[in-house]
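Try each task before reading its solution.

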Amino acid sequence: MPHSSTFTSCELKGDGPFTIFVPHADLMTNLSQDELARIRAHQQLVFRYHVVGCRQLRSQDLLEEGYVTTLSGHPLRFSEREGSIYLNDFARVVSSDHQAVNGILHFIDRVLLPPDVLHWEPDAARTPPRNVTAAAESFGYKIFSNLLTASGLLPLLQDASHRPFTMLWPTDSALRALSPDRQAWLYHEDHRGKLAAILRGHIIRNVEALASDLPNLGQLRTMYGTPISFSCSRARPGELTVGEDDARIVQRHLPFVGGLAYGIDQLLEPPGLGARCDSFETRPLWLEVCSICGREPPCPEGSREQGSPQLCWRYLTKYWMSPTLYPLGLHSIWAHPQRRARGCHRNCVTTTWKPSCCPGHYGSECRACPGGASHPCSGHGVCMDGMSGNGHCWCHPGFAGTACELCAPGAFGPSCQACRCTSHGQCDEGLGGFGSCFCEEGWTGPRCEVQLELQPVCAPACAPQAVCRAGNNCECSLGYEGDGRTCTVADLCQDGHGGCSEHANCSQVGTVVSCACLPDYEGDGWSCRARNPCEDGHRGGCSEHAVCLSTGPNARRCVCHAGYVGDGLHCVEEPEPPVDRCLSQPPPCHVDAVCTDLHFQEKRAGVFHLQATSGPYGLNFSEAEAACRAQGAVLASLPQLSAAQQLGFHRCLVGWLANGSAGHPVVFPEADCGAGQVGVVSLGTQENLSQRWDAYCYRMQDVACRCRDGFVGDGTSTCNGKLLDVLAATANFSIFYGMLLDYANATPRGLDFLDFLDDELTYKTLFVPVNEGFVDNMTLSGPDLELHASNATFLSANASHGTSLPSHLGLSLVFSDVGPDNSSQAPVAPWTVVVSHVVVWDIMAFNGIIHALASPLLAPPQHRAVVAPEAPPVAAGVGGVVAAGALLGLVAGAVYLRARSKATGFGFSIFQAEDDADDDFSPWQEGTSPTLVSVPNPVFGTHDAFCEPFDDSLLEEDFPDTQRILAVK
């Protein structure tokens, strides 16, 4: 058999069916060099131009159809001339109807070149690979390219795990054909999420499908999750359609980096997303106030003025004060007999966003009307569309069916025109009928309106399903086939599926065909559309905290709302709140505290929902109270729950409230949640407190503050470290702290004493004199310093007259009551030092407790002599400290903030630590050093004494040996 080896392709390995036009091999040698160059440059395109998919077309079929669409997407036209069939009036069929396994072949005498190849310039540069947006723009899909970018889907298309892609690109003309309202809604920045979902319904992952394979791929799934399929069009052989909306593929094999695209003539609508055409609606705003013309008040906030002010009547009181006299301070009152006068008010309008469905869509979800969005009611009726519509089709006269897809009884043809048969004839009715009249025996005429004078006689007799005609002819009745003597029922379900929908089962009893939609579809059988389980009135079984998304026929996907987690069937609130209040500014806890957010759910005015560990409805009233207490809360009151409801708190679970009442908050009206009402559904006070429900708790406090390990305090305002940390961080202890450092720097014993104070394993008591207690350049010796410490714990609660405490020096510290004038003295026993006038008790530290003294303690001279060889004086560094104290006094005077006079005795003045204090002052402590804390600042006597915190530079200057001392340690 003559053939051509020039055109071979793996695209013909599929099931087909195909119709292939093969250039005769003997004629291939007649091609010019230019034609050969064009064919070699576009071999695949030229091959596809010679193949028609979807049908096996014989010679007679080619002439009957007239036009076909090839695999390349280009049309071919057939005509007959001089007994031969011609393609595009150019190539002649020389041998036809050669049957193959998956198609039929026709041999032609010319090579067909599509327009793209004919207009190709041999010297044109080869097009480099392009990304999806660049490729879409170059092929003329500029709007879709822009939408891909705006929707944020480009990272998804760049993910190699999803490649290769098969994409469907709506043409620019299809997108421009959308109504202005639909375009405005689709392109609005507030609807980027919906736009991305719609575009994902145009993307198929992990497949690069060729046009030859599309009809045989079956059901695929888009990246939105909806099923999608391709089918052969009934309108023209070789033409392909997409989905159930019959979108046509208008351009094929558009390559880009990562996949292949096809142009389509409409925007697809994934189930469940609907088609919104929201619009802005301008409404006049009625103003009750009528003012003096020219002095009208402005339009209320949220509205704007439109046009000129309007006239109105303003009503006057009996007396009127002249406004022109107000600035002069005059109060003349004129009598005004007129009760009303002409005035003006501004013409104010307010603009609101009005949600609405696009034409051909109905319901709250804007679902497509029966027959599809592009042809509502099949173009033969009016759909009750809009958000308040029910999608019912009111069919035009002559049409019937759910989608007006059928002819009514007594109508025939594509236009469903009325039959004209008389009662003695049966009309060949229906969309495929021709309107001819099948007359009863003994009647004739185009309308069976003429009765024969002589009844025809047939021998042998006709079949029971036939009638006898003149000339001994028998004719089978409508719905039967045969020669009249024998008539059998025509298998109408085999022929065109009986006119039933492709998503329906066809059954036949006698000549009557019945159509029933498949379980996953709904309709009258002649027209079936995918069943949407999300419209069953129960959200498709999804959780009340989830959205139900239709993903195909009787299929749905449940997605939890933001702030909830789960599989969609069960959604619970995220364990972490959307905003961690511990991260708020200023922080609610001390810098050295651990902050814990006490709300495990999103804050709703302090109200949160609580369930038993066993699940819903597991708490009686007392257990509900205990469960709330365990969370640091109490049962919420009805007003508290109402406040939370107004902030958007929504639950369909009954819970206990304070005072033994029960209820739940409703924000979204639903039939099975509050009977469609919005507010707090209250069951009132319950007599039976043993009933088991959930609980609604109320908690004022948002966070819990706990000082981290190594610190003590309330966690909110105070977290103190070790004793030395508190000294370093408290400005009013700076002189004493400086002397400690000098002592440690001067002698080994001093270093041991510093180690003793820094040891965190033993709890000790330290008496610290405030800076104001060091008068006349006073200095302390080593024994004096050690006298201020004790390895015993002593609190203010233990203090009484004569109480004794052992000091680190070995002497006993005895407490004495002190009068208001600080003059009384207690008898002093040997080896005893009196402690009096403690100005601040119980400053907690991690390894001890500090009591602030009005003045330093001094060891007895005899004790100083005993330990003097081991404790040389530390006055060398004290002068600098005292000088620093004097300098600090000058600074305090310059930045004088506030002084408070006190009566006889002492008072306290609170100061705030420097925000930018350098924490390196306590480098021996691992981790971050504590910031300066606020402590009472004593004021002595009847005069005002004032001291401010130290500046960082001053501290470093006064204590230059700190780093060296600690390095030795």
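**Exercise 1.** How many disulfides does the count come to?

Solution. Keep in mind that this is a predicted model. The rule is a cut-off: two cysteine sulfur atoms within 2.5 Å make a disulfide. Apply that rule and the count comes to 25 disulfides.

**Exercise 2.** Take C517 and C528: which parts of the chain does the pair link, and are the two cysteines buried or exposed?

Solution. Start with the sulfurs: S to S is 2.0 Å, and a disulfide joins C517 to C528. Next, the torsion about this S-S bond is about -90°, so the disulfide is left-handed. Now place the ends: C517 sits in strand 40 (residues 512–517) and C528 in strand 42 (residues 528–530), 11 residues apart. Last, burial means under 20% relative accessible area. C517 has 18%, so C517 is buried; C528 has 10%, so C528 is buried too.

**Exercise 3.** What is the handedness of the disulfide between C534 and C548?

Solution. The sulfur atoms of C534 and C548 are 1.9 Å apart and form a disulfide. Their S-S torsion is about -75°, so call this one left-handed. C534 lies in the loop between strand 42 and strand 43 (546–552), and C548 in strand 43, so parts 14 residues apart in sequence get tied together. Both cysteines, C534 and C548, are buried.

**Exercise 4.** Where do C589 and C705 lie?

Solution. First, the bond: a disulfide joins C589 to C705, with S to S at 1.8 Å. C589 is in the loop between strand 46 (571–573) and strand 47 (593–597), while C705 is in strand 54 (residues 703–707), so the pair ties together parts 116 residues apart in sequence. Both C589 and C705 are buried.

Conventions
Residues numbered from 1 in each chain as written. Predicted model: local features only at pLDDT ≥ 70, side-chain atom pairs only at ≥ 80, totals over all residues. Heavy atoms only, no water. Helix = DSSP H or I, 4+ residues; strand = E, 2+ residues; numbered from the N terminus. Buried < 20%, exposed > 50% of the residue type's maximum accessible area, 1.4 Å probe, protein only.
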